[in-house]
Amino acid sequence: MTSLRIYAPATSANLSVGFDSLGVAISPVDGSLLGDVVQIESSSVPFELENVGAFARKLPKDLHKNIVYQAYVLFSERLKLRGGEIKHLRLTLEKNMPIGSGLGSSACSIVAALVALNQFHDNPFTEMELLAMMGELEGRISGSIHYDNVAPCYLGGLQMMTESQGNICQTLPFFDDWYWVLAYPGIKVSTSEARSILPKNYSRQDMIAQARHLGSFVHACHTQQAQLAVSMMKDFIAEPYRENLLPNFSAVRQGCKDLGAMAVGISGSGPTMFAIAPDLALAQKISAFLEKEYLQNSDGFIHICKVDNQGVRKIN
Ligand code: HSE
């Protein structure tokens, strides 16, 4: 094998109703790639890593803090444990995703790196073994293991973190015709900080409401009731506590709803916002509104996306 390029797509975790338990992979409808790429090739020295791409300048300078390096170390250790030997290799990380964006940026790098390493070594690890490693690496960055970005990034579609019966997650039927308007304002919100501000305990009332909403949402997915699904996308766990981290969030959310968005919420731990539209014309209207009202600087961007059912993949 000479050289291999692996693309890992952006993801939106939580979908308001499934904190740490739901995540969806997304791709822009204009055909552009929103995600990181890792290239792997043979090398004459044991290990080389180069960072390129629009957000490479935001990566930690210390190699040991680079998540792709950490993925390499973890993969090597696990391979050794089963009697395998790591090859001499060179990795290039194309860091296209902004860090701390709520679009699964770290997941993109982790998934692309581990899939590249696994393929380069003729797939010594199974899907679930690799996914477990991905969760472990994600946990180092965000403070606790959660799979709601790495799982959809890896497997595509809408993933439910079942964490049972030998499966970390299972694919849910979803609504492929929804348009996802994703607006990244250009500022950073660290996932570990956004997690640390959440309450330690929730009231019985909130727990009952949360269970009803998540159960009904999953039912709506299986029975393809779009209206029921969007009306259940309500967040009792994180959004009420996180919205102050985002610029003018409640007014902007209301503005999207007034325009006709079916659901609006925080993507992952933010600051990206998502708004769901039933058709492209409305998605474009919402996109123009968000561009004016939500973007804070030139790093910010908006993408109109649909569900990406493929997940991680080889590209040329
Ligand atoms: N479920 C995680 C959180 C996703 O909301 O903290 C982080 O992207």
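## Close-up views of a predicted model

View 1. Arg-253 is buried, with a relative accessible area of 17%, because buried is the word for residues under 20% relative accessible area, while exposed stands for over 50% and partly exposed for values in between (1.4 Å probe, protein chains only). The model is a predicted one, in which local features need pLDDT of at least 70, side-chain atom pairs count only at pLDDT 80 or more, and totals for chains, interfaces and linings use all residues. Residues are numbered from 1 along each chain as its sequence is written, and side-chain values use heavy atoms, with hydrogens and water left out. Arg-253 lies in helix H9; helices (H or I, at least four residues) and strands (E, at least two) are DSSP runs, numbered from the N terminus. When residues up to four places away in sequence are not counted, Arg-253 touches Glu-239, Glu-243, Val-264 and Met-273, where contact means heavy atoms within 4.5 Å. The side chains of Arg-253 and Glu-239 are joined by a polar contact of 2.4 Å, that is, a pair of N or O atoms within 3.5 Å; within protein, one must be able to donate a hydrogen and the other to accept it, and residues adjacent in sequence count only if both atoms are side-chain atoms. With Glu-243, the side chain of Arg-253 meets in a salt bridge (3.8 Å, N to O), a term for a side-chain nitrogen of Lys or Arg within 4 Å of a carboxyl oxygen of Asp or Glu.

**View 2. Asp-299 and its two salt bridges.** Across the whole structure, a search finds 14 salt bridges. One of them is formed by Asp-299 with Arg-57, whose closest N and O atoms are 3.4 Å apart. This pair links distant parts of the chain, 242 residues apart, with Asp-299 in the loop between helix H10 (280-293) and S12 and Arg-57 in the loop between strand S5 (47-52) and helix H1 (67-81). Arg-57 counts as exposed because its relative accessibility is 52%. Lys-58 also forms a salt bridge with Asp-299, and here the closest N and O atoms are 3.1 Å apart. Lys-58 lies in the loop between S5 and H1, so this pair ties together parts that are 241 residues apart in sequence.

**View 3. Strand S12 and the strands that pair with it.** Strand S12 (residues 301-307) is mostly covered, since 6 of its 7 residues are buried. Strand S3 (residues 22-28) runs antiparallel to S12 and is joined to it by 3 bridges; two strands pair if DSSP finds at least two bridges between them. Pro-28 stands opposite Cys-305 in S12. Strand S9 (residues 179-184) is likewise antiparallel to S12, with 5 bridges joining the two, and Tyr-184 has Phe-301 as its bridge partner in S12.

View 4. Most residues other than glycine have a negative phi, and most peptide bonds are trans. Gly-270 and Pro-271, however, are joined by a cis peptide bond with omega of about 5°, and Pro-271 lies in the loop between strand S10 (263-266) and strand S11 (273-277). Asp-122, a residue other than glycine, has a positive phi near 60° and is placed in the loop between helix H2 (105-120) and helix H3 (127-142). Asn-248 is not a glycine either, yet its phi is positive at about 60°, and Asn-248 lies in the loop between H8 and H9.
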